Amino acid sequence: QMRTDLFRHLEKLPFSFYDEHETGSIMTRMTNDLFEVSELAHHGPENLFTSFVLLIGSIVGMIGMKVEDSEWDALAQEYHDTYHTFSYGLNRGAFAALELVKRKGAGQSVISALHQLYLDLETNRFGVQPYMEHIYGTDNLDGGSKLSRARELLTLFRSTAAASNCNYTLIGDSIHDKDVADSLGIGCVLYSGGSHSRARLEPFAPVGDTLEECVRLAFALHSA
């Protein structure tokens, strides 16, 4: 029936249509399109049913699956061991930004959801440690709460008389970093070269396209 309907439609088209389209191209398109439609009509319901059954089976299987904590720990350990074999470098302009903070006489520390062991290795590897007052990672391999560690560090800062009246700013690269800063009640500047694009970050906080620009924005927050 579809072939008949298509043929009747072609008969009603003006001669100008055939002047602009080759007969072979028209026949090829008709043949291919009809084949695709017939395949969809024949196999579509079957594939849909198979996919639905597979989805339900997967959900049931996952519900019934029991994974011990030790197995998750082993999986996380394997991921981190593999990740740290990749070759990567420090962000361009990082040392310029670190030196800028140092020249302005401000302290700086690292807060990360990375395990403390790996964080110490990475900051030492790239020569960042001498710039930092504190380097705070987590005690687990599951991306533990950056917020809890940041609270500990902020409490440590505010417990000293010299830091009681200081201003604090978190420089991050994700919306989550802004959430952490808000929870701590401190300022936040976001870097567009990391996890999220400038367009996604701009509604939430001042955004810098370089690390030096982020540092300048951080100081500007407290000079206004």
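A residue is called buried if its relative accessible area is under 20%, exposed if that area is over 50%, and partly exposed in between, as judged with a 1.4 Å probe on protein chains only. The structure is a predicted model, in which local features need pLDDT of at least 70 and side-chain atom pairs count only at pLDDT 80 or more, while totals for chains, interfaces and linings use all residues. Residues are numbered from 1 along each chain as its sequence is written, and side-chain values rest on heavy atoms, with hydrogens and water left out.

Helices (H or I, at least four residues) and strands (E, at least two) are DSSP runs, numbered from the N terminus. Two strands are said to pair if DSSP finds at least two bridges between them. In general, the strands of a sheet pair through backbone hydrogen bonds, either parallel or antiparallel. Here, three strands form an open sheet in the order β3-β4-β5, with parallel pairing. The edge strands are β3 and β5, each of which pairs on one side only. Strand β3 (residues 169–172) joins β4 in the parallel sense over four bridges, and G172 stands opposite L190 of β4. Between β3 and β4 the chain passes through helix α8 (residues 175–184), and this β-α-β crossover is right-handed; that is, with the strands pointing away from the viewer, the path from the first strand over the helix to the second runs clockwise. Towards β5 (residues 207–208), β4 pairs in the parallel sense over two bridges, and there V207 is the bridge partner of L190.

Five of the five residues of β4 (residues 187–191) are buried, so the strand is largely enclosed by the rest of the structure. Both of its faces are covered, with G187, V189 and Y191 buried on one side and C188 and L190 buried on the other.

The cysteines come next. A disulfide is a pair of cysteine sulfur atoms within 2.5 Å, and a search of the whole structure finds zero disulfides. C188 is in no disulfide, and the nearest cysteine sulfur, that of C214, is 9.5 Å away. C214 is likewise in no disulfide, with the sulfur of C188 as the nearest cysteine sulfur. C188 counts as buried at 5% relative accessibility, and C214 counts as buried at 0%.

Aromatic rings of Phe, Tyr and Trp (its six-membered ring) pair if their centres lie within 6.5 Å; planes under 30 degrees apart count as stacked, over 60 as edge-to-face and the rest as tilted. By this rule the count comes to two aromatic pairs. One of them is the tilted pair of F95 and Y131, 6.0 Å centre to centre with 55 degrees between the planes. F95 lies in helix α5 (residues 94–103) and Y131 in the loop between α6 (116–125) and β2 (135–138), so this pair ties together parts that are 36 residues apart in sequence. F95 is partly exposed, with a relative accessible area of 35%. The rings of F157 and Y168 have centres 5.7 Å apart and planes at 15 degrees, so they are stacked. Both F157 and Y168 are buried.
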